[in-house]
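I opened the model to look up its pockets and one of its sheets. My notes are below.

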Amino acid sequence: MKEIFRIAIDGPSGAGKSTIAKGVASELRIDYIDTGAMYRAVGYKMKQRGIGVDDRDALLRMLEETTIDFVKGDIILDGQVVNDKIRTSEISKMASACSALPEVRSKLVDIQREMGTRKSVIMDGRDIGTNVLKDAEYKFFLTASAEERASRRHKELLEKGETISFEEVLADIKQRDYNDTNRKLNPLRKAEDAIELDTTGLTIEEVTANVLKEIR
């Protein structure tokens, strides 16, 4: 393996991307880049500064002086660990709002690419292999049937104490699939040079082993 290498994992909602990415990162002792947490970090900083999504000038100034990094599982915003501070429902809404802004997406993609030039990383998302890390040494596209993905998500939600039917979760998964594959900016699709892994019926350990086998 190269001294510095990049691993891109893409796929639809509920395919197990982040779980597998974390496992692979741990095995290879490299940093897992949680791209969703980066939007949360920006949302958190916007809240701290009192900057709304409509205040583009203030937002651009803020982004110019924002640094984000990952070190051994910690997310570092401007030199400070913000792991727990960004995991509230309020910050979740801020992250969702700011992720729709082209200025924020552009800034975070720049940071993600920069990380990949100075250290080995693994990233998961919808457009990592097709946009963020087009030249990644290893690319994977994880998928599973909509029913399997809904079953996993439904189980997670029930364990958290939420009351929701399997049918509702399945409908949500199918809607997200449609939105992800039909959005204008960097839609979800498999990169031509990505290895596709169908995780239906497989355990986390089996999928992780399959990914590691292709890398090692």
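The entries cover the basis first, then the sheet, then the pockets.

Basis. I am reading a predicted model, in which local features need pLDDT of at least 70, side-chain atom pairs count only at pLDDT 80 or more, and totals for chains, interfaces and linings use all residues. Residues are numbered from 1 along each chain as its sequence is written, and side-chain values use heavy atoms, without hydrogens and water.

Sheet. I looked up an open sheet of three strands, ordered β3-β4-β5 with antiparallel pairing. Strands are DSSP runs of E with at least two residues, and helices are runs of H or I with at least four, numbered from the N terminus; strands pair if DSSP finds at least two bridges between them. β3 (68–71) and β5 (80–81) are at the edges with a single partner strand each, so one side of each has no neighbour in the sheet. Four bridges join β3 and β4, and aspartate 69 is opposite isoleucine 76 in β4.

Pockets. I took a pocket as an open set of points on a 1 Å grid over the protein atoms alone, where a 1.4 Å probe fits, with protein on both sides within 12 Å along at least five of seven lines; lining residues have an atom within 4 Å of a point. A volume is the space filled by probe spheres set on the points, which are joined across faces, edges and corners. The largest pocket has about 1,900 Å³. Its lining has 45 residues, with Ser13, Lys17, Gly36, Arg126 and Arg176 closest to the centre.

I noted about 180 Å³ for the second largest pocket. Among its 13 lining residues, Tyr32, Asp34, Phe70, Gly73 and Asp74 lie nearest the centre. β2 (31–33) and β4 (74–77) each give at least two residues to this lining.
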